[in-house]
Amino acid sequence: MSSLRSSSFKILVAFSITISSTNTDCLSQYCVVGIDPASVKWRQINTPHFRVIYPLTFADHAQYIANGLEYNYPAECKTLNSFFTKLPVIIHNQTTIPSSETAYAPKRTDYYTTSPQDWYPQDWVDQLIIHESRHSVQYSAVNRGFTKGLSYVLGEQGTFLPVLAFVPFWFLEGDATVAETALCTTGRGRTPSFEMRIRSQFVEKGIYSYEKQYRGSYRDFVPGGFYELGYQLVGLSREIWGPDIWGSVLDNVGRHPYTLFPFSFGIKRLTGFNKYGLFDTLTLVMQKTWIERDKMIHENNYQVISKNAGDEYTNYNIPVVFRDSLIIAVKSSLDDLTKVVLISRNGNEKKLFTPGVNLNYPLESLSASDSIIYWSEMVCDPRWSFRDYRVIKTFNYNTGKLEQLTHCSRYYVPSVTKDGKFIATVEVNPDNKYFLDILDSRNGNLVKQISTPDNILFIQPVWSSDGKSIVTAVIGKGGNNIATVDPETGKVELLLQYSSLEIKRPSFWKNYIIYQASYNGIDNIYALSLDAHEVFQVTSARFGASDANVLTNQSAIIYSNYTSDGYEIVKEQLEPSTWKKTSIPEKSAFPLAEKLTQQENFIYNSDSVPKIEYASKPYRKALNLFNFHSWAPLGINFQNVSVAPGVTLLSQNLLGTTITETGYLYNRNQKTGKYYLSITDESLYPAIDLNMDYGGRQDIHIDNMNDTIPIKWKELNLSAGLRLPLKWSHNVWGRTFQPAISLNYKDLRMDESIPYNFEYNKIISVNYSLLATNLMKTSLRDLYSRWGQQLQLNFNNTPFEKGLNSIFAGQLTLDFPGISRHHGIRLYGAYQKKDDPYYSYSDYILFPRGYDHIFRDEVYSFSALYSMPLFSPDWQLIHSLYIKRFSAAAFYDFARSKDQTLPRFFSSIGLELTMDFHLFSNVLPFNAGLRSAYIPETGKKVFQFLFNCNFNAIY
């Protein structure tokens, strides 16, 4: 057992190094998720279990969050039987991305508080409180026994590593989704669209293997490996084996991570199944339940309008009637970028434009007048990743011109009047105040702003045909409702009682409101009679109907109808005589969700949240630059992924703006050691980089008699630099522009016992650089950007020395599409010139593959690479390896030296075969393979192992 523990400890340390050194920006890969503007003034509230850090303007909401966190804390911890100590919660209100993250190195939770539009009837802040607190409890439940000891050795990453290595993400997110469902009357577990995709797959296509269902696929669309699948597995396990099952499993992970499969062993001890057996058993239960339910559904007659080529998974969403006889819609697939298409009534399709959809958030709205299409799109601040905007953009059908109507706005779901004069749009300001704004469609100027005393959130407003009224879904304290708004007076009239069931996308039709609701456990289209205030079910979808829009002749609706191959656009006649009158149920039609709630003796109720006025004090950024969260009794060089005797300390402040690495490294080959300190600060508009290292060095000196003499010296290196890391998007393009400058000082002190000295023992060097990129966004299956340009310039010199040393390097990379989809051509050209008689610079440019170094003062380099995906097998090999895709690349590299030293020409030609795969429970996707290079000048064959890891996949 002791040897097993020792081996496991080495594995965990090596895993820590791999994670931390995925690229040169090592720590930021899993610690830094964004930067707030420097102008934000911060304050903090301390409660018994939380430290809430928030912008000054968010004070009222911060007090509510602090109280809500404490109010929810005991219930959150109960079923996992674990309690955590003071947890930092950082509030970010400048971004329009509705999201959140909980990390453990350093330990903290980040809330992004802007409410989304496509959301179930739950206050977004309450959702963050319930869901994210559960993640902190999960980490705490693992931090015991052996893992607790590991945390003393490695700091907070000692707890994070067993979670990352052994606990599957389907559990982490599934359990948090169970918590958000069990502890309130809403939650995604009561949302039809949440289970719709996995239900349709199980019914129509069957169950995939554990790894494919969890990891996804490049070949097939696989829904919800983290959330949807995780919710069902965690929830059904709690229903069968009791609410405490997962606390015991996490306890086993924490106490016995050295068994390498502690999560699976913990499940088997309690259920008799390992995680694969549990998956097989519960997915069969799910499939049987859904098939029986499917047999009871009788679909209405409808006509399919969209034409999906083959069996490729494709979605057509938000169909909008355009120019009476045409339809525009948002089309998305695994195979291509999201685009807006024009569809004729017989299904013929034409691409109109590709919107600049950001991240994984789909285009949420479309609206059109006779000639102009309107939508909302996220636009990034070039410097601050936690500040962005939602602007309204337009496409002129007559001219084909794309334009931006508003700037620096926070507008969602614009809806234009039929005559094209006015736009109704939802505004969510940084302090979560909600407005319905009326804009002039010609220039985007504000005409009228409407709000309510109780700050209800307007959802997806739509104009009446005469432009005299607006209908909108709303979210208030009581849940969802439908309201009409008079744009002249601003009067808001609620049409229903508040409900915890979803209501979306209402629109006018004669004397009815047509809308989407989840009354019977499946999203369907309903009609509310404005005369009798009665509700009728219009559609009877098998899996889900959404985005209804009335045709111009008022005789039928078009809507998105879900199948296991994606959403299709269908047309259905409007015949009120055939509609089924229905009453709005008090509870959702999801038995599992109700059983989970029964297991809890607590329901989160915002009205019951205490109103304690916690003391608030300024959060001084200058006094909180350092937060040493992890360490190791080893010297870890994150730049070249190496481990040596020594010690390492890692710090990151809670705002994510300052990262510090410091420690001591001992070089066993040279038998010398050095101290080092690295500080990166991103809090100001230019980023600041400071580096220092000091220690002994050893080498061999060859004198004039060709005798080798060992020499020793002390070396001090200091550097200070400024960077301006700018990033932004423009339509489908992502762009970066980063100029930088650094001043470097080197001091060399030969040992007194050595009869030699350095010709230059003090050297000051200045480094200048510029990085500029312009890359088209990629689809899931793309290996590279289809079109892209990357330019990097570097110039270093020693301007303060007698003999000028310098290096200049220019690199240009161009990406082009290949002969088939997802194939790519990458061309690389570079030039480098050195003049370093006494101070040697490292090379910047890439040399032909197969060569370690080319020692030449002036070099031209060129490379051509053709890459292609080969096939996506979705192989689950044993229980620890899942292979998703094989890819190949052919390359030709060439370099030419202008020096007179021979040889002057260098080239290589070869192939690379790589595979994308997952290993163990780790969510990180790995890419590894083999490179074979042939060097014509020497006839030599070189084989190299390739390895890469995409840490960004966690977020």
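A residue is buried when its relative accessible area is under 20%, exposed when that area is over 50%, and partly exposed in between (1.4 Å probe, protein chains only). This is a predicted model, in which local features need pLDDT of at least 70 and side-chain atom pairs count only at pLDDT 80 or more, while totals for chains, interfaces and linings use all residues. Residues are numbered from 1 along each chain as its sequence is written, and side-chain values use heavy atoms, with hydrogens and water left out.

Q: What makes helix H6 mostly covered?
A: Of the 14 residues of H6, 14 are buried. Helices (H or I, at least four residues) and strands (E, at least two) are DSSP runs, numbered from the N terminus.

Q: Why is H3 described as largely enclosed by the rest of the structure?
A: Because 19 of the 19 residues of H3 are buried, the helix is largely enclosed.

Q: What makes Asp-123 a cap of the N-terminal end of H3?
A: A side-chain oxygen of Asp-123 lies 3.0 Å from the backbone nitrogen of Val-125. A polar contact is a pair of N or O atoms within 3.5 Å; within protein, one must be able to donate a hydrogen and the other to accept it, and residues adjacent in sequence count only if both atoms are side-chain atoms.

Q: Why is Leu-80 called buried?
A: Leu-80 has a relative accessible area of 1%, so it is buried. This residue lies in the loop between helix H2 (59-78) and strand S3 (87-92). Not counting residues up to four places away in sequence, Leu-80 touches, among others, Arg-134, Val-137, Gln-138 and Ala-141, where contact means heavy atoms within 4.5 Å.

Q: Why is Arg-199 called buried?
A: The relative accessible area of Arg-199 is 2%, so the term buried applies. Arg-199 lies in helix H7, and its contacts beyond four places in sequence include Trp-290 and Arg-293.
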